[in-house]
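Okay, thanks for making time, everyone. Let me put the thing up on the screen and then walk you through it.

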Amino acid sequence: MIFLTRSVFTVLLMVIALLTSGQEWFHNGKTWFYDVTTGFDIPNYGVHYQEVTGDTLIAGKTCKKLKYVATNGFVFFDYVHQQGK
């Protein structure tokens, strides 16, 4: 009986591991806010935000496009790729 319980528990852990391995960290529309209080550019202090604006292909790999907006109006984009995707 103990062997059967351990086997069921092991299979359950394997299924959970397989289901959680497909998690996506950067969902479209997700936004993060940052309170910037350091640096040499005084007008740059304040709340900045970064938003996931969509997907794109770079070198054949699916990447997320992140838009970063600073308080002073400076905007730039980052691109991230999840390994194995």
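Let's start with Lys-64, whose side chain makes a polar contact of 3.2 Å with the side chain of Asn-28. By polar contact I mean a pair of N or O atoms within 3.5 Å; within protein, one has to be able to donate a hydrogen and the other to accept it, and residues adjacent in sequence count only if both atoms are side-chain atoms. The side chains of Lys-64 and Asp-55 are joined by another polar contact, at 2.8 Å.

Before I go on, a word on the ground rules. This is a predicted model, so local features need pLDDT of at least 70 and side-chain atom pairs count only at pLDDT 80 or more, while totals for chains, interfaces and linings use all residues. Residues are numbered from 1 along each chain as its sequence is written, and side-chain values use heavy atoms, with hydrogens and water left out.

Back to that lysine: is Lys-64 buried or exposed? Lys-64 is buried, with a relative accessible area of 11%. For the cut-offs, buried is under 20% relative accessible area, exposed is over 50%, and partly exposed is in between, with a 1.4 Å probe and protein chains only. Lys-64 sits in strand E3.

Now the overall layout. The chain has 1 helix and 4 strands, and along the sequence the pattern reads α-β-β-β-β. Helices (H or I, at least four residues) and strands (E, at least two) are DSSP runs, numbered from the N terminus. Of the 85 residues, 15% count as buried. The chain exposes about 6800 Å², and carbon and sulfur atoms supply 65% of that; those areas come from the Shrake-Rupley method with a 1.4 Å probe, and for residues only the protein chains shown count as cover.

On to the strand pairing, where two strands pair if DSSP finds at least two bridges between them. E2 and E3 run antiparallel, joined by 9 bridges. Thr-56 is opposite Cys-63 in E3. The E2 and E3 hairpin has 2 residues between the strands, and Ala-59 there takes a positive phi near 55 degrees. Then E3 pairs with strand E4, residues 75-80, also in the antiparallel sense, over 6 bridges. Val-69 has Val-75 in E4 as its bridge partner. That hairpin has 5 residues between E3 and E4, and Gly-73 in the turn shows a positive phi of about 90 degrees.

Okay, aromatics. How many aromatic pairs does the structure hold? There are 4. Rings of Phe, Tyr and Trp (its six-membered ring) pair if their centres lie within 6.5 Å; planes under 30 degrees apart are stacked, over 60 edge-to-face, and the rest tilted. One of the pairs is Phe-33 with Tyr-49, tilted, at 6.0 Å centre to centre and 45 degrees between the planes. Phe-33 is in strand E1 (residues 31-36) and Tyr-49 in strand E2 (residues 46-58), so this pair ties together parts 16 residues apart in sequence. Phe-33 is exposed at 60% relative accessible area, whereas Tyr-49 is partly exposed at 27%.

Tyr-34 and Tyr-68 also make a pair: the centres are 6.3 Å apart and the planes are at 40 degrees, so this one is tilted. Tyr-34 lies in E1 and Tyr-68 in E3 (residues 61-69), so here the ties reach across 34 residues of sequence. Tyr-34 is partly exposed at 34%, and Tyr-68 is buried at 15%. Ring pairs link Tyr-34, Tyr-68, Phe-74 and Phe-76 into a cluster.

His-48 is in strand E2 and is buried, at 2% relative accessible area. Leaving aside neighbours within four places in sequence, His-48 is in contact (heavy atoms within 4.5 Å) with residues including Trp-32, Phe-33, Tyr-34 and Tyr-68.

Last stop, Thr-31, in strand E1. Thr-31 is partly exposed at 29% relative accessibility. Thr-31 and Glu-51 are 20 residues apart in sequence, yet 4.3 Å apart in space, C-alpha to C-alpha. The side chain of Thr-31 also reaches the backbone oxygen of Gly-29, at 3.4 Å.
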